[in-house]
Amino acid sequence: MTEELVAGILAGQRRAIARAITLVENDGSEAQAILAAIHSHTGRAHIVGVTGPPGSGKSTLVNDLALSFRRGSAGHPPQTVGIIAIDPTSPFSGGAILGDRIRMRDLAGDPGIFIRSMASRGSLGGLAWATADTVRLLDAGGYDLVFVETVGAGQAEVDIAKTAHTTVVVEVPGLGDDIQAIKAGILEIADVFAVNKADHEGADHAVQVLQMMLDLNSPGPHAVMHHSRLIEVAAIAGQTADTPAWRPPIHKTVATRGEGIDGLVEAILAHRAYLERTGNLVWRERERAASELETIIQQEALRRVLAHTDGKQLAALIDQIARRELDPYAAGQLLLNQPSQAYRG
Amino acid sequence: MPDKKIRVLIAKPGLDGHDRGAKVIARALRDAGMEVIYTGIRQTPEMIAEAALQEDVDVVGLSILSGAHLALFPRIVSLLRENGLDDVLVVAGGIIPDEDVPALNDMGIGGVFGPGTPTDEIVDFIRGQVL
Amino acid sequence: MFDQDRLETLQEQKERWEETTLRKTLAERPERIPPDRFVTTSSAPVERLYTPLDVAGLDYARDLGFPGDYPFTRGVHPTMHRGRLWTMRMFAGFGMAEETNARYKYLLEHGETGLSVAFDMPTLYGYDSDAPEALGEFGKCGVAVSSLADMEALFDGIPVDQITTSMTINSPAAIVWAMYIAMAEKRGIPIEVLGGTIQNDILKEYIAQKEFIFPPKPSMRLVVDTFEFGSQYLPRWNTISISGYHIREAGATAVQELAFTLADGLEYVRWGLARGLEIDAFAPRLSYFFNSHNDFFEEICKFRAARRIWAREMRDTFGAKSPRSWLLRFHTQTAGCSLTAQQPENNIVRTAWQALAAVLGGTQSLHTNSMDEALALPSEYAVKIALRTQQLIAHESGVTNTVDPLAGSYFVEALTNRMEQETYNYFSKIEALGGVIPALEKGFMQREIAESAYRYQIEIDAKQRTVIGVNDYVEEGPVRIPLLEMDPQGYTRQVARLERVRRERDNEQVGVALEALRQAAQGTANTMPYIMDCVRAYATLGEIMGIFRQVFGEYREPVII
């Protein structure tokens with residue numbers, strides 16, 4: 001069964017890819033086996049993250065971008081496109097309405113496009129738990145480009161930067177006094193800006209404000225505090241006077257009319273070329289691998305500890321912490337340092 | 001941590017644009033903990049089958065009030081089979097006369113839920129069939 | 001209207017009644033449900049008792065007036081149904097034109113006084129019956145009209161110079177209207193005597209019914225083209241039926257229906273003015289179309305509030321001079337979404353009181369639903385009962401003996417006032433979003449409606465709202481009423497006719513007319529004369545709409561779930 005699925009994925013069979021995505025979403029051992037088998041076949045696709053506040057028109061923009069990449073243009077052959085569209089899971093019911101696909105009607109009927117809607121399933125940070133693995137499946141399945149459209153909560157969108165090669169931040173004029181990107185602290189993660197709904201009042205103002213903020217930003221290495229975590233925006237490797245740092249271009253778009261899309265496409269392709277030329281692609285892959293490994297270790301360690309912890313013992317510890325009889329760090333150490341039988345996976 | 005969710009595609013085939021019921025069902029299924037992909041109106045059978053394939057849904061729900069169900073459903077069901085989605089539960093709602101239900105059952109529609117069906121009946125039916 | 005001292009005394013008396021008589025009764029026998037669950041069909045709260053205290057500020061002359069005079073709260077005509085009964089206009093259509101023609105004759109024979117055309121899905125979307133998009137949809141929810149030939153068959157033997165016809169058609173309204181006019185022309189009828197209505201309300205399509213095709217701006221252009229054409233050539237024709245019915249059917253509350261519909265109406269006025277039309281030249285022919293739902297008093301108050309709001313806005317905000325521009329004339333249809341598939345005979349009763357509310361609310365025209373509404377298109381048996389329902393109300397109930405009999409009811413006036421106030425709240429919200437079109441492009445109305453629809457369903461599922469036969473007094477067993485059967489050969493015959501039309505017409509002339517229409521559509525000329533030319537040459541609906549699709553493009557809605 002697993003071999004069949006793997007063979008199907010590598011042959012680009014959509015049913016196999018779709019089934020495999022479900023398996024990785026539900027995170028069983030079969031999923032891990034599949035991911036292990038395809039890992040050496042990944043690394044070819046260009047991963048483009050698309051993030052921005054709700055109502056910014058991300059889905060419509062992705063729809064237009066996909067169409068354009070499918071058509072190709074002078075100098076850029078047509079490419080196949082995978083799209084992962086993420087919507088939030090309701091914290092009350094655990095269910096979700098996944099409403100991004102509906103905005104991508106134009107893409108229906110094209111076998112070179114694969115759209116998968118995903119619920120965040122409680123994950124914070126704008127992505128779903130299974131996003132990175134799903135990206136790998138589409139990559140192994142032969143898609144040249146994989147778009148990841150985030151939840152768009154605005155505040156915790158940095159995870160996309162760890163998963164994607166190129167991050168497009170979508171802004172819209174008039175959604176408030178400040179530019180959302182600045183408010184949320186995600187200005188730093190943008191490789192490309194799209195000011196969508198540019199036919200609305202305030203579009204030029206939004207562009208100007210972004211330009212100004214970019215001018216203030218130093219191109220050297222710097223750190224950003226975000227949700228009390230330090231995010232290192234490292235120096236651009238290989239930067240010299242001859243290879244200037246990448247300055248995120250700002251493109252005005254009207255996604256509902258398909259305006260400004262060509263410029264955005266060029267910017268995305270240019271960024272990819274820049275990453276390859278400067279060796280940054282390799283660096284970003286390492287970053288991604290490191291971040292993913294950390295997440296996996298965290299998840300796995302937690303799972304193992306909880307799997308071998310008696311429910312009553314856990315409840316008792318929690319009570320002790322709440323009653324201030326025990327501090328949480330000591331409790332954690334207690335659980336982690338349980339006798340070695342706990343770790344016999 | 002991830003856990004298994006029932007994934008449902010809600011689609012409106014044909015020209016009928018009366019989407020009140022489809023939207024209410026989508027919300028009800030979400031509130032019952034399912035993940036619902038709502039395709040919107042004016043869906044061709046090809047679009048529905050393609051979406052069901054890519055989204056690997058457990059259930060396809062078809063909402064139609066225009067009376068064109070006997071013309072459209074057979075094509076949808078056969079495309080689902082062609083795509084290898086034999087084990088997908090297909091249910092329907094809207095304005096579908098009782099006398100058409102046996103024919104729909106025969107062609108593979110697992111349940112027909114007419115006007116006035118309580119939403120938990122639909123939720124329970126889906127859970128019973130899928131889980 | 002009430003003396004201040006007397007009101008204060010009344011306040012004290014009311015409080016005493018609450019503390020003594022009422023309290024004693026509630027202690028022995030509490031009310032059936034908690035006080036906050038006494039709500040209208042729209043979940044709006046209703047008090048136990050209304051007194052002059054609830055309408056203390058009411059001024060008869062300012063707020064009610066006399067029927068036929070500003071602000072028309074009590075009715076648009078001085079004599080209302082004493083002078084003329086509302087038009088009994090039953091919405092009908094199915095299959096081929098010939099089948100529907102027979103149904104029209106049946107209805108006329110049984111006493112209906114106006115015609116109302118229901119078109120099938122392909123026609124509503126501007127597709128010919130044999131178009132691939134029309135697969136399986138021919139004739140199922142209305143009559144198929146693909147060309148002038150169908151329109152001629154539809155009205156064969158019906159004196160369109162003596163009877164008014166309402167056509168429920170939106171995106172293709174201008175074209176279908178042109179077919180009706182051309183049909184009359186061919187019979188030698190001078191078109192200025194033609195009376196009727198085209199629904200032609202594209203804004204509510206974006207909000208509720210979703211039969212839009214082109215984006216808002218070109219759609220509005222087509223609508224204003226009809227206003228202009230109508231004001232010049234068809235003075236008796238209502239060029240629009242600004243609709244709340246569909247908004248309500250989609251799940252809106254009564255206030256949302258009222259507010260969004262009136263907001264749409266005011267938007268049409270703005271567009272007409274922007275074209276340079278004189279307000280008094282086109283406003284008198286703007287008409288309305290409301291739902292009449294289950295909550296008897298809420299609906300009556302809705303109609304009264306509508307008239308008052310429209311009169312004020314037209315006179316004071318838009319400065320219309322002619323009182324005919326201030327009149328809100330409306331057609332009503334009883335609420336289809338309130339009818340059940342279970343125990344369909346109960347629907348006769350629901351429809352009866354909904355119709356009564358529309359009459360007491362002062363409607364000019366009325367369609368009553370048939371009992372099989374939730375099952376199929378009306379059978380002859382069911383539609384006759386629905387028509388008789390109107391006749392019974394007109395001739396046996398006594399409510400037509402006097403005008404606006406519920407005026408002065410403390411409850412009715414208080415609720416009318418409240419609905420008016422809430423409507424203005426919505427007007428403010430819509431304005432803050434930039435106006436009607438920006439608001440609907442942002443999905444504002446759609447979201448409000450989806451929320452109300454969901455709340456309504458939850459109330460039913462939780463049994464907080466009773467629907468007889470559905471969540472209470474439920475019976476098992478199949479439904480046994482005769483259902484409509486349509487001609488199974490209809491589609492084949494329709495396609496044959498279409499092919500004959502395409503063969504026998506002068507195709508060169510069709511090509512020339514379509515090209516001229518394209519030029520006009522790309523420019524700013526009024527498209528109606530060009531549409532008329534296409535229609536006279538027997539260009540099909542699909543061909544004409546095809547031109548518009550190419551020039552205007554197709555609209556993608558912002559989907560709100």
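So, polar contacts between chain C and chain B: there are 13 residue pairs, both residues at pLDDT 80 or more. A polar contact here is a pair of N or O atoms within 3.5 Å; within protein, one must be able to donate a hydrogen and the other to accept it, and residues adjacent in sequence count only if both atoms are side-chain atoms.

Quick housekeeping: this is a predicted model, where local features need pLDDT of at least 70, side-chain atom pairs count only at pLDDT 80 or more, and totals for chains, interfaces and linings use all residues. Residues are numbered from 1 along each chain as its sequence is written, chains are lettered from A and ligands numbered from 1 in the order in which they are written, and side-chain values use heavy atoms, with hydrogens and water left out.

Back to the interface. The rule finds two salt bridges across it, a salt bridge being a side-chain nitrogen of Lys or Arg within 4 Å of a carboxyl oxygen of Asp or Glu. Arg27(B) and Glu451(C) make a salt bridge, at 3.4 Å from N to O.

Which helix gives the most to the side of chain C that touches chain B? That's H19(C), with seven residues. By class, that side has 22 nonpolar, five polar and ten charged residues. For the classes, Ala, Val, Leu, Ile, Met, Phe, Trp, Tyr, Cys and Pro are nonpolar, Asp, Glu, Lys and Arg charged, and the others, Gly among them, polar.

In terms of contact (heavy atoms within 4.5 Å), 37 residues of chain C meet 30 residues of chain B. The buried area is about 2800 Å², with 55% of that from carbon and sulfur atoms; that's the accessible area (1.4 Å probe) the two parts lose on being put together, summed over both. On the chain C side, Glu137(C), Tyr454(C) and Ile561(C) lose the most, together 22% of what that side buries.

Now look at Ser243(C), in strand S6 (residues 240-243) of chain C. Strands (E, at least two residues) and helices (H or I, at least four) are DSSP runs, numbered from the N terminus. Is Ser243(C) buried or exposed? It's buried, because its relative accessibility is 0%; the cut-offs are under 20% for buried, over 50% for exposed and partly exposed in between (1.4 Å probe, protein chains only). A polar atom of its side chain lies 2.8 Å from the backbone oxygen of Ser241(C). Leaving aside neighbours within four places in sequence, Ser243(C) touches Gln199(C), Asp201(C), Lys204(C), Thr261(C) and Phe289(C).
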